[in-house]
Amino acid sequence: MNLRNRLLAAAAYFMTVLLLAPAGEITVQAKEGYDFLSVGVAEVLDPGAYNFEEDEAERKRKKNIDEKFEAEKERMEKELTMANVQNALNIRAEADEDSEKVGLLYKDCGGTILERKDGWTKLRSGSVIGWAKDEYLLFGEDAKDMAEDVANWIVTLDAETVRVRMEPSEDAELYGLMAYEDSVQFIDTVEDGWISVDYDGEVGYIKSEYVNVKFHIDEAESMEIIRAREKEAEERKRKENRGAVAADADETRLLGALIYCEAGNQSYEGMVGVGAVVMNRVKSGAYPNTIHSVIYASGQFTPAMTGKVAKVYEGQVPDVCMQAAQAAINGETTVGDATHFRRAGKREGYVLGAHVFW
């Protein structure tokens with residue numbers, strides 16, 4: 001059937017429907033811009049020809065920014081829990097005080113409620129999932145109010161790319177582009193459908209119809225992360241420079257000789273550790289305040305008592321031992337503020353090579 005005949009058939013069909021149907025029973029509504037002349041009758045009458053999913057997506061996209069904030073606040077009241085503690089709250093693998101700790105939820109941090117039972121709440125916070133006692137948590141409006149007081153709003157994009165402008169105007173210059181699901185900190189709403197955001201330290205402007213809002217709350221830490229951080233802190237403290245001490249060439253050589261006698265077969269770190277023990281004593285106030293007097297203090301260093309240190313001092317002190325001695329005098333340490341060491345065994349402390357330091 002050619003186009004002319006198709007159009008005549010469609011017109012005839014519509015006239016027949018209108019003449020036979022009672023008034024008010026049929027309403028034919030077309031999507032704006034729909035071209036009836038380019039389609040057949042079946043397609044015109046087919047509800048599938050109208051994309052209702054696209055219409056719903058468009059409606060959601062254009063939801064007022066205030067409505068988006070309200071929707072997020074409602075979600076927070078239903079799903080959010082906040083730590084109500086002075087320092088930190090234990091998160092455990094099971095709803096039992098004897099269960100293994102899997103993380104800590106710090107003051108002013110929160111998470112999403114997964115389950116509640118018998119005075120315990122299972123929550124997700126960051127990478128941590130576990131149970132916490134209800135008596136140390138806030139829920140509902142109390143949790144929302146605390147979150148709004150200590151956390152901040154961020155916006156995520158609901159479009160492939162969005163222009164970030166220098167002013168709230170489509171004619172303003174660009175700071176740059178943001179990609180889908182990028183997030184930035186929300187600053188304020190601006191009239192005429194714009195919001196201001198923190199864009200790399202600058203106040204930028206984005207059309208509010210292209211964003212979703214989300215509340216950012218500080219999260220829990222897993223025990224693995226906590227232990228790794230504590231280990232790193234111990235390592236820094238162990239090696240933190242403790243300040244130089246004035247020493248002449250003879251004292252430096254004497255310390256190098258002691259290092260050779262006590263740790264000549266150890267790593268360079270072990271050598272510096274022995275030198276640091278001597279220097280920590282010099283600085284302590286509980287020991288003599290010179291290198292010589294510390295090394296030769298009664299009953300302290302066996303090689304000094306046996307005369308071995310003196311022999312090495314008079315002979316050849318290896319360069320590496322002299323280097324370790326100078327490092328310790330300059331304040332370097334590999335054993336923190338330790339003032340003792342011995343051969344590693346049952347004694348607790350920091351083990352470095354064959355020695356334990358404390």
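Me: Buried means under 20% relative accessible area, exposed means over 50% and partly exposed lies in between, with a 1.4 Å probe and protein chains only. Which residues in helix H12 (residues 319–329) are buried?

Reply: This is a predicted model, in which local features need pLDDT of at least 70 and side-chain atom pairs count only at pLDDT 80 or more, while totals for chains, interfaces and linings use all residues. Residues are numbered from 1 along each chain as its sequence is written, and side-chain values use heavy atoms, with hydrogens and water left out. Helices (H or I, at least four residues) and strands (E, at least two) are DSSP runs numbered from the N terminus. In H12, the buried residues are Cys 321, Ala 324, Ala 325, Ala 327, Ala 328 and Ile 329.

Me: What covers the buried residues of H12?

Reply: Contact here means heavy atoms within 4.5 Å. On the buried residues of H12, the cover includes helix H7 (249–263), H8 and helix H9 (291–295).

Me: How far is the sulfur of Cys 261 from the closest cysteine sulfur?

Reply: A disulfide is a pair of cysteine sulfur atoms within 2.5 Å, and the structure holds zero disulfides. Cys 261 is buried, with a relative accessible area of 13%, and Cys 321 is buried as well, at 1%. The closest cysteine sulfur to that of Cys 261 is in Cys 321, and it is too far for a bond, at 8.7 Å.

Me: In what order do the three strands of the open sheet lie?

Reply: Two strands pair if DSSP finds at least two bridges between them, and E16 is joined to strand E18 (residues 355–357) by three bridges, the two strands running antiparallel. The edge strands, each of which pairs on one side only, are E16 (341–343) and E17 (350–352). The open sheet, antiparallel in its pairing, therefore has the order E16-E18-E17.

Me: At about what angle does helix H8 (residues 268–284) run to E18?

Reply: Axes are lines fitted to C-alpha atoms, for helices over the stretch in contact, and angles run from 0 to 180 degrees between N-to-C directions. Helix H8 lies across E16, E17 and E18, and its angle to E18 is about 45 degrees.

Me: Why does the pair of Phe 301 and Phe 341 count as tilted?

Reply: Rings of Phe, Tyr and Trp (its six-membered ring) pair if their centres lie within 6.5 Å, and planes under 30 degrees apart count as stacked, over 60 as edge-to-face and the rest as tilted. The centres of the Phe 301 and Phe 341 rings are 6.3 Å apart, and the pair is tilted because the planes stand at 35 degrees.

Me: How many residues apart in sequence are the parts that the pair of Phe 301 and Phe 341 ties together?

Reply: Phe 301 is buried, with a relative accessible area of 3%, and Phe 341 is buried at 15%. Phe 301 lies in the loop between H9 and helix H10 (302–306) and Phe 341 in strand E16, so the parts tied together are apart in sequence by 40 residues.

Me: With which residues is Ser 208 in contact, leaving aside its neighbours within four places in sequence?

Reply: Ser 208 lies in the loop between strand E13 (202–207) and strand E14 (211–216), where it is buried, with a relative accessible area of 10%. Beyond those sequence neighbours, Ser 208 is in contact with Ile 65, Lys 68, Gly 193, Trp 194 and Ile 195.
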